[in-house]
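This report describes one protein chain and the ligand modelled with it.

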Amino acid sequence: MGDATIGVQVDGVSKRFSHRVKGEVYAAREVRLDVAPGEFLTLLGPSGCGKTTTLRMVAGFEKPDEGAIRFGGEDVTALPANGRGIGFVFQNYALFPHLTVADNVAYGLEVRRVPSAEVGSRVAEVLKLVGLAGYEHQFPAQLSGGEQQRVALARAIVIRPRVLLFDEPLSNLDARLRVQMRTEIRDLQRRLGITTIYVTHDQEEAMAVSDRIVVMNQGRVVQEGTAQDLYHRPANEFVATFVGRVNLVPGRIDDLVGGVASVSMLGTTVEVRSVAHGIARGDAVRVVVRPEAIGLSAAGSEGPSATVASHAFLGEKIEYGLDCGGAALQAVRYNAGPGEVLPDGAPVTLNFAEEALALLPGDGR
Ligand SMILES: Nc1ncnc2c1ncn2[C@@H]1O[C@H](COP(=O)(O)OP(=O)(O)OP(=O)(O)O)[C@@H](O)[C@H]1O
Ligand SMILES: [Mg+2]
């Protein structure tokens, strides 16, 4: 589609704002991103961490105080947004209410002086692509939220952008439609092969759509990797707790041989292979135990004893709250059929899927 697929580099970019309450704040601080051609990269983080600010600098809506933005190796830091060849999809859609669907989509082509015969065919082509063929003459107010978001998507891709940018595009939709639309956005991005940066605070959405996720906190990048990297090898407590549910179980390194740590926790010993740099024998640690890494067997088996403190039957899975000698743990079991649910108060023995465990320092870093 149009230009050859290009990569995007965000090179040490910072942005300060003077804030009436907080004074001078860094909305983004030395942010570095290297987005490969055709890659789907997501910025993930809590409210106020700098996702929108970073995306707006890539778009050219905001000028960085420091650092550079490059598209396909070309420095675009000084270029205005309309010279960068970007498509931007906003959270609130930002459609023109007085224009029809077709005219909303055509707008970007008309300002680029595309010949009108070509405008018609390109608008028809993208409306078909987003599943809105036949909606040409509707006005935005006559569309559902999901349909409006499709128009916004059509409007972003009709100009054949070099880079596609999304800022929380699904947050105004209900849960079921969010799941459907995220799959459609992902499929469309794959088909078009456009380099994409996507912003969300929803970790599940990030995991579902992205090739790679960049986790931000307080204006900075804290970790980047695939969904599996972040989930299984979180670099710190922030990532461990932000990406998925987790138990951080206090423990101590009894032994460390050949990169495998023997860790005592909850009155038992586990062997952990994922040992962060700088952890040594005798250190206090926290063991990253995901809910599905806790196995439940009959009371009296070998292993730590616990009781079921709470349970929630969620259809395909059952979530348990456990009490293990005063420590609260969350566990999950996939439903194997009726009669599988353990009642509150049930005694159980715990075992751990050791290959799924990871370690963090014990001091809250
Ligand atoms: N124009 C502005 N003037 C002053 N402060 C701003 C401005 N824009 C953003 N900020 C501040 O910069 C920080 C980052 O804001 P940003 O909008 O990038 O966060 P975000 O990660 O997109 O959050 P959310 O998930 O809530 O959209 C916040 O502390 C915010 O208050
Ligand atoms: Mg935002």
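**Overall build**

The model is predicted. The protein chain has 365 residues, 47% of which count as buried. Its secondary structure consists of 8 helices and 20 strands. Along the principal axes, the C-alpha atoms fill a box of roughly 75 × 50 × 40 Å. The accessible surface of the chain amounts to about 17,000 Å², and carbon and sulfur atoms account for 49% of that area.

Among contacts in the chain with a separation of 6 or more, 68% are between residues 24 or more positions apart.

Two domains are assigned: domain 1 covers residues 8–239, and domain 2 covers residues 248–361. Their C-alpha centres are 38 Å apart. To the contact between them, domain 1 contributes 8 residues and domain 2 contributes 10 residues.

**The ligand site**

Around ligand 1 there are 13 residues, and those that come nearest are Ser47, Gly48, Lys51, Thr52 and Thr53. By class, the shell holds 4 nonpolar, 6 polar and 3 charged residues.

| Protein residue | Protein atom | Distance to an oxygen atom of ligand 1 |
|---|---|---|
| Lysine 22 | N or O atom in the side chain | 3.3 Å |
| Serine 47 | polar side-chain atom | 2.5 Å |
| Glycine 50 | polar backbone atom | 3.0 Å |

Taken alone, ligand 1 exposes 630 Å², and the protein buries 67% of that area. Two elements give two or more residues to the shell around the ligand, namely strand S1 (8–19) and helix H1 (51–59). Helix H1 gives the most, with 3 residues.

**Threonine 77 and alanine 78**

The remaining part concerns a loop. Threonine 77 sits in the loop between S5 and S6, and alanine 78 is found in that loop too, which runs between strand S5 (74–75) and strand S6 (86–89).

Is threonine 77 buried or exposed? Threonine 77 counts as buried because its relative accessible area is 14%, under the 20% limit for that class. For alanine 78 the relative accessibility is 76%, so this residue counts as exposed; the class begins over 50%.

Which residues does threonine 77 contact, once its neighbours within four places in sequence are left aside? They are Pro64, Gly67, Ala68, Ile69 and Arg84.

The C-alpha atoms of alanine 78 and alanine 68 are separated by 8.9 Å, and the two residues are 10 residues apart along the chain.

In short, the loop between S5 and S6 holds threonine 77, which is buried, and alanine 78, which is exposed.

Terms used
Residues numbered from 1 in each chain as written. Chains lettered and ligands numbered in written order. Predicted model: local features only at pLDDT ≥ 70, side-chain atom pairs only at ≥ 80, totals over all residues. Heavy atoms only, no water. Near = heavy atom within 4 Å. Polar contact = N/O pair within 3.5 Å; in protein donor to acceptor, adjacent residues only side chain to side chain. Areas by Shrake-Rupley, 256 points an atom, 1.4 Å probe, with all protein chains shown as cover. Helix = DSSP H or I, 4+ residues; strand = E, 2+ residues; numbered from the N terminus. Nonpolar A, V, L, I, M, F, W, Y, C, P; charged D, E, K, R; others polar. Buried < 20%, exposed > 50% of the residue type's maximum accessible area, 1.4 Å probe, protein only. Domains from an automatic or database assignment. Contact = heavy atoms within 4.5 Å.
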